[in-house]
Every structure is written in C-alpha cells, then in structure tokens.
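Student: Hi! Could you walk me through this model?
Tutor: Happy to, let's have a look together.

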Amino acid sequence: MTRLSAEMLAADTVDPITSAGHAQLGIAVLVGIAVLVLLITQTKLHAFLSLTIGSLALGAVAGAPLDKVITSFSAGLGSTVAGVGVLIALGAILGKLLADSGGADQIVDTILARAGNRTMPWAMVLIAGIIGLPLFFEVGMVLMIPVVLLVAKRGNFSLMRIGIPALAGLSVMHGLVPPHPGPLAAIDAVHADLGITLALGVLIAIPTAIIAGPVFSRVAARWVDVTPPDRLMPTRPSEELERRPGFGVTVFTVLLPVVLMLIKALVDIVVDDPENGVQRVADVIGNPLIALLAAVLVGMFTLGRPAGFTRDRLSSTVEHSLAPIAGMLLIVAAGGGFKQTLIDIGVGKMIMDLSEDWSVSALLLAWLIAVAIRLATGSATVATISAAGLMTPLAADMSSTHVALLVLSIGAGSLFFSHVNDAGFWLVKEYFGMSVGQTVRTWSVMETIISVVGLVFVLLLSLVI
C-alpha cells in the first residue's frame, strides 16, 4: 500500500459522522446487514436497492445525520464506479468478443481434441480456467455448458465427472482472480496492489481448482449419477460463423492483460524505484485500465477480423456487451456506498480498537465475515464488498502482499456453500437437470471446498511471504 493511500484510509476513520459507542455501532452493523439480507432473500428486492436501503438503515441506527449518511453513500458509490466500473465494462467487452467471434469455442475444441478419456476432467478445468479469466461466471457458464453436455454424452462420461471440473475452473476465477467484479471491488476497497493480487490469486487458484474440480469430481460422480438432458443442450455461439480465430492468437488475446499486469508487479518488486524509466513504463502498461483496454483493442483485430466481423458488427458487439452488466455495475457501486457508510460512521475505528484484543488472524476474520454474508444473501459480490468494507481499517498496517492475501481470503469466503438463495445454484440445477438435493451434494459442496481450500492456501502463503 502506498503512503498516500494509507493516510487517506486513516483519515476515513479519524473523523466519523457519529459519536456512537462501540455497542451502538455494533448493533447498527448487525441491523444494516440484517436489513440487507432480509430485503434480498425475503422480499426479493434487487441488490442495488437493498444495499441503498441497508446503508440508510445502518446510518440511522448508528445515530448519524441522514444528510451525511447520504453523502457518504454517494461518495462511496462514485469512487467505486471510478475505481472498477471502467474495468468491469472492458472485461465485458473482451468477453463478448471472445464469445461472438468463436474464440472461446476454438480454445475448447483445440484442447478437447488433444485430451484422452483419462485426462478429460483435467482438460475441462483447464478450459474453464482460461475461459474464466476474462468472462463473468454466468457468461462462462453459458459457453461451457454445451461443451460439458456434448462431451459427457458422446464420450459416455458421468456428467459430474466432466461438469464439476468446468464449474470449479469458472468459480475459482470468479472469486479469486481480477478482473472479475468481486476481487476488483475488494482491491479497490482495501487499496491492494492489483498486480500482486492477480499473481497470488492465480497461484492459489490453480491447486484450488484441481482439488475442487478433477479430484472432487470422482466423489461427486459416485454421489450423483445424472444423464445429460437433451432438452437443455443450447446452441454454441459460433455455429453460424464460417470461420473463427486460431487457438494461439485467441489465447494470446485472453492472457494479454494478465501478462501486462504481472509484468508491472514483477518490475515493482525487482526495480522498486518510482523514478526509474523501466518502472514508469511498466506502471503505465500494467495499469489495469490500460491492460484491459489494450486487450480489447487487440481483440478487435485478433478475434473480430478472423471471424469476418465488419466495423458495424464490432460496434454492435461492443454495444451489446455493455447492457447486461448495468445491473451488476450498480450492485458493485452500491456495495461501495455501503462500504463507505460503514467506514464513515466509525465502524473502521471500532474494529481497530477491538481488534487489539483479538487473537484471531485478520485473514481468518475476513474469511468468516465473507462466509456469513454469503450464506445470508447468496451473493458472492455482496459478500466480497461488505467484508472488504469491514476489513478496510485492518489493511492499513499490512504489507502489500498481505493486503493482497486479505482480498483473496475475502474472495474465498464469498464462495462458501452456494445454496437456494444464490442464482448460480438454480442455474447449475436446471442446466444439469438435477434435483435440489443433488445440486447441494455436488455444486454446493464444490463451492465449499473451493472456499476452504482457498483459505488454507492463503494462510500458508501468509507464513511464507
């Protein structure tokens, strides 16, 4: 963390907008989260509205003036959009280009053509991991489902043996690796270094996906035996195309922003001189906005042109990529407003005061908070943003690597035990033609394994780094 960001963070907690005691602030936090949970789970109110109302309830119970609560919420909403909104939009554009051009299908088909029966589950987790880097979970799910169902049916595989590795690869990327919205929002909230978080996230994601994917799929296949449902086999996006981009150039485009951000992180560690010309160049090209923008512009040529896209088709693809993320962007922004309200009413200072007597690790505490909110709301993004807001003050005294691990701990907690209040639960259930009980024994358990294994690797890295 930079000295400036640490000073700004300290300033956030020095002058709270209420003089309430710790007990009242604790009650206010519980009420705010309870209102948020009830509105999302019971009334089915949209998460954006729920977070807005929850923030107002939080400030009211804490005894803060309502006009100042509104100001805090608005400031947090605006800063979050400024910090991650453009990145989410660029990620959506890249994902749409990948899907519409047939680049995603090219990656899938190439890897599957080289995989044998014994290595098929490993091929599926690899495909999902690559596909899941730039794509939102739901988009990656839609792209992977046709492949999962076709491979299981034509190869006479258990659907769980093929499907669980694919789901694990997508879910791990969604929860742990930027530029996905949850990790990006947490990075912005606690002022983590994106390059370091990305590097450590990938490092943790690989073994976590293996354990929750190919390894657990053996057990899941014994627990649940379902046949691929023909009625749910969707059409692949690139079937209408006469040609599509090659495998190598597609992988290059997908990995370009990752490589640029990792170069920045490496140069920052090796050079560590802000005035050095090499580091200044690396800081520019490795900036998340520049890295993703470069990937989008490169993708228009490497993905769009080989697929035969005209300028009008490229423009249409970009336009259609932005509409579906409007709701998600508002949720993330409102989560930032909720986070800022937590900080401004003095919850940050309260946590700092109380944490002096806590014996629990900050990384474990972050995971537990994210788990509780995830179980209650069903939303990994809401859990990530809320937990990051509560943990912001504790990040001020951490090293840059441990702040990155804090983000990953929160991300791991946000994936814990997806159940009936999570839209992803029903998406998996319907696509795979399973009952609620079967979905719990496979998908929900897989998510829990990702969460716990991810935490274990975070804690192990914290001892080494």
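Tutor: One term before we start: contact, or touching, means heavy atoms within 4.5 Å. This is a predicted model, where local features need pLDDT of at least 70 and side-chain atom pairs count only at pLDDT 80 or more, while totals for chains, interfaces and linings use all residues. Residues are numbered from 1 along each chain as its sequence is written, and side-chain values use heavy atoms, with hydrogens and water left out.

Student: Thanks! Which residues does Q279 touch, leaving out those up to four places away in sequence?
Tutor: Beyond those neighbours, Q279 touches V267, D268, V271, D272, D273 and P274.

Student: And where does Q279 sit?
Tutor: Q279 is in helix α12, residues 277–285. Helices here are DSSP runs of H or I with at least four residues, strands are E runs of at least two, and both are numbered from the N terminus.

Student: Is Q279 buried or exposed?
Tutor: Buried, because its relative accessible area is 6%. The cut-offs are under 20% for buried and over 50% for exposed, with partly exposed in between, using a 1.4 Å probe and protein chains only.

Student: New topic: how many helices and strands are there in the chain?
Tutor: The chain has 21 helices and zero strands. Its radius of gyration is 22 Å, close to the 23 Å that the globule rule gives for 465 residues, so the chain is as compact as a globular protein of that length. That radius is taken over C-alpha atoms, and the rule is 2.2 Å times the number of residues to the power 0.38.

Student: What share of the residues is buried?
Tutor: Of the 465 residues, 57% count as buried. As for contacts with a separation of 6 or more, 81% are between residues 24 or more positions apart.

Student: How do α10 and α21 pack?
Tutor: Helix α10 (residues 194–223) and helix α21 (residues 436–464) pack at about 145°, with axes 9 Å apart. Axes are lines fitted to C-alpha atoms, for helices over the stretch in contact, and angles run from 0 to 180 degrees between N-to-C directions.

Student: Which residues meet there?
Tutor: Among them are L200, I204 and F216 in α10, and V445, I449 and F457 in α21. The residues of this contact divide into 17 nonpolar, three polar and one charged. Nonpolar covers Ala, Val, Leu, Ile, Met, Phe, Trp, Tyr, Cys and Pro; charged covers Asp, Glu, Lys and Arg; the others, Gly among them, are polar.

Student: What about S462, buried or exposed?
Tutor: S462, which lies in α21, counts as buried at 17% relative accessibility. Leaving out residues up to four places away in sequence, S462 touches L363, H402 and L405.
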